[in-house]
Amino acid sequence: MIKKGVTSGAKGIVEYVTSKEYSKSKYPDITNIVLGSICWNLVEKAETIRFLAENERSESLGILTRSFLELFVQYKFILKRETDKRAESYYYAYKVSSAEKIKAMLDYDQSHHKLTENELKRLQNEVPGAKGYNDYLSHYKSLSDQLYDNPKQHSQKWYNLHGETRKFKQLMKEVGFRETDYQFFYGLGSLDIHGSAAAVNFKIEKGIDSSIPLFVIYEAIPRWLNTAVTELARYYGVLKKSKVERYLLQIGTSHNGDYLQNT
(Lines give C-alpha, C1' and ligand atoms only; values in the text may rest on other atoms or scores of the structure.)
Protein backbone atom coordinates (compact mmCIF):
# COMPACT_ATOMS: atom_id res chain seq x y z
CA MET A 1 0.00 0.00 0.00
CA ILE A 2 1.22 3.50 -0.80
CA LYS A 3 1.49 5.45 2.45
CA LYS A 4 0.02 8.92 2.84
CA GLY A 5 3.40 10.19 4.04
CA VAL A 6 4.87 9.41 0.61
CA THR A 7 2.39 11.53 -1.33
CA SER A 8 2.22 14.34 1.23
CA GLY A 9 6.02 14.55 1.36
CA ALA A 10 6.21 14.70 -2.44
CA LYS A 11 3.50 17.36 -2.50
CA GLY A 12 5.44 19.39 0.06
CA ILE A 13 8.54 19.44 -2.17
CA VAL A 14 6.60 20.46 -5.28
CA GLU A 15 4.81 23.20 -3.34
CA TYR A 16 8.13 24.45 -1.96
CA VAL A 17 9.80 24.58 -5.37
CA THR A 18 6.90 26.11 -7.28
CA SER A 19 6.10 28.72 -4.65
CA LYS A 20 9.61 29.64 -3.46
CA GLU A 21 11.87 29.13 -6.46
CA TYR A 22 9.88 30.11 -9.54
CA SER A 23 9.86 33.83 -8.78
CA LYS A 24 13.67 33.92 -8.76
CA SER A 25 14.26 31.16 -11.29
CA LYS A 26 16.82 31.69 -14.03
CA TYR A 27 14.89 29.30 -16.26
CA PRO A 28 12.25 30.30 -18.86
CA ASP A 29 8.62 30.41 -17.76
CA ILE A 30 7.68 27.47 -19.99
CA THR A 31 10.33 25.28 -18.38
CA ASN A 32 9.03 26.18 -14.92
CA ILE A 33 5.43 25.51 -15.98
CA VAL A 34 6.19 22.16 -17.59
CA LEU A 35 8.37 20.75 -14.79
CA GLY A 36 6.02 21.93 -12.06
CA SER A 37 2.88 20.77 -13.87
CA ILE A 38 4.27 17.31 -14.56
CA CYS A 39 5.30 16.88 -10.92
CA TRP A 40 1.90 18.01 -9.69
CA ASN A 41 0.29 15.54 -12.07
CA LEU A 42 2.50 12.72 -10.80
CA VAL A 43 1.55 13.53 -7.20
CA GLU A 44 -2.15 13.57 -8.12
CA LYS A 45 -1.90 10.22 -9.90
CA ALA A 46 -0.11 8.69 -6.91
CA GLU A 47 -2.78 10.05 -4.58
CA THR A 48 -5.50 8.57 -6.79
CA ILE A 49 -3.78 5.18 -6.76
CA ARG A 50 -3.47 5.36 -2.97
CA PHE A 51 -7.14 6.33 -2.56
CA LEU A 52 -8.40 3.53 -4.82
CA ALA A 53 -6.18 0.98 -3.11
CA GLU A 54 -7.39 2.04 0.35
CA ASN A 55 -10.95 1.57 -0.85
CA GLU A 56 -10.16 -1.80 -2.43
CA ARG A 57 -10.88 -0.58 -5.96
CA SER A 58 -7.92 -2.04 -7.79
CA GLU A 59 -9.42 -2.56 -11.26
CA SER A 60 -8.06 0.78 -12.61
CA LEU A 61 -4.63 0.66 -11.01
CA GLY A 62 -2.92 -0.87 -14.04
CA ILE A 63 -4.16 1.97 -16.27
CA LEU A 64 -3.07 4.59 -13.74
CA THR A 65 0.33 2.97 -13.34
CA ARG A 66 0.95 3.00 -17.09
CA SER A 67 -0.18 6.65 -17.22
CA PHE A 68 2.15 7.52 -14.32
CA LEU A 69 5.03 5.73 -16.04
CA GLU A 70 4.47 7.54 -19.36
CA LEU A 71 4.55 10.91 -17.66
CA PHE A 72 7.53 10.01 -15.47
CA VAL A 73 9.57 8.87 -18.49
CA GLN A 74 8.80 12.08 -20.39
CA TYR A 75 9.74 14.11 -17.32
CA LYS A 76 13.11 12.34 -17.00
CA PHE A 77 13.71 12.82 -20.72
CA ILE A 78 13.08 16.58 -20.45
CA LEU A 79 15.52 16.88 -17.56
CA LYS A 80 18.25 14.78 -19.16
CA ARG A 81 19.52 17.44 -21.62
CA GLU A 82 18.25 20.37 -23.72
CA THR A 83 15.74 20.91 -20.93
CA ASP A 84 14.43 24.29 -22.07
CA LYS A 85 14.01 23.17 -25.68
CA ARG A 86 12.39 19.87 -24.72
CA ALA A 87 10.07 21.63 -22.28
CA GLU A 88 9.01 24.03 -25.04
CA SER A 89 8.35 21.15 -27.43
CA TYR A 90 6.31 19.31 -24.79
CA TYR A 91 4.31 22.45 -24.03
CA TYR A 92 3.59 23.33 -27.67
CA ALA A 93 2.63 19.74 -28.45
CA TYR A 94 0.12 19.89 -25.59
CA LYS A 95 -1.29 23.17 -26.90
CA VAL A 96 -1.61 21.79 -30.44
CA SER A 97 -3.27 18.58 -29.23
CA SER A 98 -5.72 20.50 -27.01
CA ALA A 99 -6.63 22.90 -29.81
CA GLU A 100 -7.18 20.04 -32.27
CA LYS A 101 -9.52 18.28 -29.84
CA ILE A 102 -11.54 21.44 -29.12
CA LYS A 103 -11.73 22.27 -32.82
CA ALA A 104 -12.93 18.74 -33.63
CA MET A 105 -15.59 19.04 -30.93
CA LEU A 106 -16.78 22.40 -32.29
CA ASP A 107 -16.85 21.03 -35.84
CA TYR A 108 -18.88 18.03 -34.66
CA ASP A 109 -21.42 20.06 -32.68
CA GLN A 110 -22.47 22.79 -35.12
CA SER A 111 -24.76 24.38 -32.53
CA HIS A 112 -21.65 25.42 -30.56
CA HIS A 113 -19.43 26.11 -33.54
CA LYS A 114 -19.33 29.86 -33.03
CA LEU A 115 -17.09 31.11 -30.23
CA THR A 116 -18.62 33.30 -27.56
CA GLU A 117 -17.16 36.74 -26.96
CA ASN A 118 -15.52 35.57 -23.71
CA GLU A 119 -14.00 32.52 -25.40
CA LEU A 120 -12.62 34.65 -28.22
CA LYS A 121 -11.16 37.11 -25.70
CA ARG A 122 -9.39 34.25 -23.88
CA LEU A 123 -7.89 33.08 -27.16
CA GLN A 124 -6.74 36.60 -28.03
CA ASN A 125 -5.18 37.10 -24.61
CA GLU A 126 -2.96 34.12 -25.42
CA VAL A 127 -2.64 34.61 -29.19
CA PRO A 128 -3.17 38.29 -30.09
CA GLY A 129 -5.21 38.74 -33.24
CA ALA A 130 -6.62 35.19 -33.24
CA LYS A 131 -10.07 35.01 -34.82
CA GLY A 132 -10.73 31.43 -33.77
CA TYR A 133 -9.16 28.05 -33.08
CA ASN A 134 -7.71 27.82 -36.59
CA ASP A 135 -5.49 30.81 -35.82
CA TYR A 136 -4.74 29.47 -32.32
CA LEU A 137 -3.77 26.09 -33.75
CA SER A 138 -1.62 27.60 -36.50
CA HIS A 139 0.21 29.76 -33.96
CA TYR A 140 1.28 26.82 -31.78
CA LYS A 141 2.04 24.57 -34.76
CA SER A 142 4.38 27.26 -36.05
CA LEU A 143 6.13 27.58 -32.67
CA SER A 144 6.43 23.79 -32.46
CA ASP A 145 7.83 23.43 -35.99
CA GLN A 146 10.55 25.98 -35.26
CA LEU A 147 12.08 23.64 -32.68
CA TYR A 148 12.71 20.78 -35.12
CA ASP A 149 15.85 20.46 -37.23
CA ASN A 150 13.64 19.64 -40.21
CA PRO A 151 10.08 20.76 -39.48
CA LYS A 152 8.70 19.43 -42.78
CA GLN A 153 9.87 15.87 -42.15
CA HIS A 154 9.80 15.44 -38.40
CA SER A 155 8.03 12.45 -36.84
CA GLN A 156 5.35 14.53 -35.09
CA LYS A 157 6.61 13.25 -31.73
CA TRP A 158 7.57 16.19 -29.51
CA TYR A 159 10.67 14.36 -28.25
CA ASN A 160 12.16 13.63 -31.71
CA LEU A 161 13.61 17.07 -32.36
CA HIS A 162 16.70 16.06 -34.32
CA GLY A 163 15.35 13.61 -36.86
CA GLU A 164 15.16 10.61 -34.52
CA THR A 165 12.46 7.99 -34.96
CA ARG A 166 12.16 6.99 -31.32
CA LYS A 167 9.06 5.33 -30.01
CA PHE A 168 8.16 5.09 -26.33
CA LYS A 169 10.21 1.95 -25.73
CA GLN A 170 13.34 3.73 -26.93
CA LEU A 171 12.45 6.72 -24.78
CA MET A 172 12.21 4.50 -21.70
CA LYS A 173 15.59 2.90 -22.44
CA GLU A 174 17.18 6.31 -22.98
CA VAL A 175 16.22 7.46 -19.47
CA GLY A 176 17.48 4.30 -17.77
CA PHE A 177 14.74 1.68 -17.97
CA ARG A 178 15.32 -1.80 -19.38
CA GLU A 179 13.37 -3.41 -22.20
CA THR A 180 11.93 -5.84 -19.67
CA ASP A 181 10.54 -2.84 -17.75
CA TYR A 182 8.78 -1.73 -20.92
CA GLN A 183 7.33 -5.20 -21.56
CA PHE A 184 6.21 -5.57 -17.93
CA PHE A 185 4.80 -2.17 -16.96
CA TYR A 186 3.80 -0.82 -20.34
CA GLY A 187 2.69 -4.13 -21.80
CA LEU A 188 0.55 -5.21 -18.86
CA GLY A 189 -0.76 -1.67 -18.41
CA SER A 190 -1.79 -1.68 -22.06
CA LEU A 191 -3.98 -4.71 -21.47
CA ASP A 192 -6.01 -2.67 -19.00
CA ILE A 193 -6.27 0.31 -21.37
CA HIS A 194 -7.44 -1.84 -24.26
CA GLY A 195 -9.96 -3.68 -22.10
CA SER A 196 -8.26 -7.06 -22.32
CA ALA A 197 -7.85 -7.31 -18.56
CA ALA A 198 -11.56 -6.89 -17.86
CA ALA A 199 -11.77 -10.66 -17.47
CA VAL A 200 -9.97 -10.45 -14.13
CA ASN A 201 -13.24 -9.15 -12.70
CA PHE A 202 -14.73 -12.59 -13.20
CA LYS A 203 -13.96 -15.38 -10.78
CA ILE A 204 -12.14 -18.17 -12.56
CA GLU A 205 -10.85 -21.00 -10.41
CA LYS A 206 -7.78 -21.70 -12.54
CA GLY A 207 -5.89 -19.13 -14.55
CA ILE A 208 -3.39 -16.31 -14.36
CA ASP A 209 -3.85 -12.61 -13.73
CA SER A 210 -2.47 -10.52 -16.62
CA SER A 211 -2.60 -7.19 -14.77
CA ILE A 212 0.35 -5.56 -13.00
CA PRO A 213 0.55 -7.16 -9.52
CA LEU A 214 -0.54 -4.77 -6.80
CA PHE A 215 2.58 -5.28 -4.68
CA VAL A 216 4.68 -4.18 -7.68
CA ILE A 217 2.58 -1.02 -8.11
CA TYR A 218 2.88 -0.19 -4.41
CA GLU A 219 6.65 -0.53 -4.64
CA ALA A 220 7.20 1.21 -8.01
CA ILE A 221 5.03 4.30 -7.64
CA PRO A 222 6.67 5.62 -4.42
CA ARG A 223 10.14 5.09 -5.91
CA TRP A 224 9.31 6.84 -9.17
CA LEU A 225 7.58 9.68 -7.32
CA ASN A 226 10.53 10.06 -4.96
CA THR A 227 12.88 10.22 -7.94
CA ALA A 228 10.73 12.85 -9.67
CA VAL A 229 10.58 15.26 -6.74
CA THR A 230 14.24 14.67 -5.85
CA GLU A 231 15.28 15.60 -9.39
CA LEU A 232 12.99 18.65 -9.30
CA ALA A 233 14.67 19.86 -6.11
CA ARG A 234 18.12 19.13 -7.54
CA TYR A 235 17.35 21.01 -10.77
CA TYR A 236 16.38 24.13 -8.82
CA GLY A 237 19.34 23.82 -6.46
CA VAL A 238 17.33 23.26 -3.28
CA LEU A 239 18.05 19.59 -2.61
CA LYS A 240 20.05 20.45 0.52
CA LYS A 241 17.49 22.86 1.95
CA SER A 242 16.37 21.67 5.38
CA LYS A 243 12.69 21.74 4.45
CA VAL A 244 13.28 19.62 1.35
CA GLU A 245 15.43 17.17 3.33
CA ARG A 246 12.62 16.79 5.88
CA TYR A 247 10.12 16.01 3.14
CA LEU A 248 12.50 13.47 1.58
CA LEU A 249 12.96 11.87 4.99
CA GLN A 250 9.16 11.72 5.35
CA ILE A 251 8.86 9.97 1.98
CA GLY A 252 11.62 7.53 2.81
CA THR A 253 10.48 6.60 6.30
CA SER A 254 6.86 6.29 5.18
CA HIS A 255 7.87 3.66 2.64
CA ASN A 256 9.15 0.58 4.45
CA GLY A 257 10.82 2.77 7.06
CA ASP A 258 13.91 3.43 4.96
CA TYR A 259 15.24 5.98 2.54
CA LEU A 260 14.28 5.27 -1.04
CA GLN A 261 16.99 4.82 -3.61
CA ASN A 262 16.48 6.90 -6.76
CA THR A 263 15.93 4.91 -9.96
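Which pattern does the protein chain follow when it is read along the sequence?

## Overall architecture

In this predicted model, the protein chain follows the pattern α-α-α-α-α-α-α-α-α-α along its sequence, with 10 helices and 0 strands. Of the 263 residues in the protein chain, 44% are buried. Among the contacts in the protein chain with a separation of 6 or more, 70% are accounted for by residues 24 or more positions apart.

## Helix H1 and its cover

Helix H1 runs over residues 4-20, and its 17 residues reach 24 Å from the first C-alpha to the last, close to the 24 Å expected at 1.5 Å a residue. The buried residues of H1 are Gly5, Val6, Thr7, Gly9, Ala10, Gly12, Ile13, Val14, Tyr16, Val17 and Thr18. What covers these buried residues includes helix H2 (29-54), helix H9 (214-235) and helix H10 (242-254).

An α-helix has 3.6 residues a turn, so residues three or four places apart point the same way. The list of buried positions in H1 includes Gly5 and Gly9, as well as Ile13 and Val17.

## H2 against H3

H2 and helix H3 (residues 61-80) pack with their axes 10 Å apart and at an angle of about 160 degrees, which makes H2 roughly antiparallel to H3. The crossing of these two helices, H2 and H3, is left-handed. On the H2 side, the contact is made by Val34, Leu35, Ile38, Cys39, Asn41, Leu42, Lys45, Ala46, Thr48, Ile49, Leu52 and Ala53; H3 contributes Leu61, Leu64, Thr65, Ser67, Phe68, Leu71, Phe72, Tyr75, Ile78 and Leu79. Sorted by class, the contact of H2 with H3 has 17 nonpolar, 4 polar and 1 charged residues.

## H2 against H9

The packing of H2 and H9 has an angle of about 155 degrees, with the axes 11 Å apart, and this angle makes H2 roughly antiparallel to H9. The crossing of H2 and H9 is left-handed. From H2, the residues that make the contact are Thr31, Leu35, Cys39, Leu42, Val43, Ala46, Ile49 and Ala53, and they meet Ile217, Tyr218, Ile221, Leu225, Ala228, Leu232 and Tyr235 of H9. By class, the contact of H2 with H9 has 14 nonpolar, 1 polar and no charged residues.

Several residues of H2 take part in the contacts with both H3 and H9, among them Leu35, Cys39, Leu42 and Ala46.

## H2 against H4

The axes of H2 and H4 come within 9 Å and cross at roughly 70 degrees, and H2 and H4 are therefore roughly perpendicular to each other. The contact is made by Ile30, Thr31, Ile33, Val34 and Ile38 of H2 together with Thr83, Asp84, Ala87, Glu88, Tyr90, Tyr91 and Tyr92 of H4. The residues of the contact of H2 with H4 divide into 8 nonpolar, 2 polar and 2 charged.

At 1.5 Å a residue, the 20 residues of H3 should span 28 Å, and its end C-alpha atoms are 28 Å apart, which agrees. H3 is mostly covered, with 16 of its 20 residues buried.

Ile63 has its place in helix H3, and because its relative accessibility is 33%, Ile63 counts as partly exposed. In sequence Ile63 and Phe185 are 122 residues apart, whereas in space they are 9.9 Å apart, C-alpha to C-alpha.

## Positive phi in two loops

Most residues other than glycine have a negative phi, and most peptide bonds are trans. Glu56, in the loop between H2 and H3, has a phi near 55 degrees, a positive value in a residue other than glycine. Because its relative accessibility is 71%, Glu56 counts as exposed.

Glu82 is found in the loop between H3 and helix H4 (83-108), and just after H3 this residue takes a positive phi of about 50 degrees. At 33% relative accessibility, Glu82 counts as partly exposed.

Conventions: Residues numbered from 1 in each chain as written. Predicted model: local features only at pLDDT ≥ 70, side-chain atom pairs only at ≥ 80, totals over all residues. Heavy atoms only, no water. Helix = DSSP H or I, 4+ residues; strand = E, 2+ residues; numbered from the N terminus. Expected span 1.5 Å × (residues − 1). Buried < 20%, exposed > 50% of the residue type's maximum accessible area, 1.4 Å probe, protein only. Contact = heavy atoms within 4.5 Å. Axes fitted to C-alpha atoms, helices over the stretch in contact; angles between N-to-C directions. Parallel < 35°, antiparallel > 145°, perpendicular 65-115°, else oblique. Left-handed = near helix turned anticlockwise from the far one by under 90°. Nonpolar A, V, L, I, M, F, W, Y, C, P; charged D, E, K, R; others polar.
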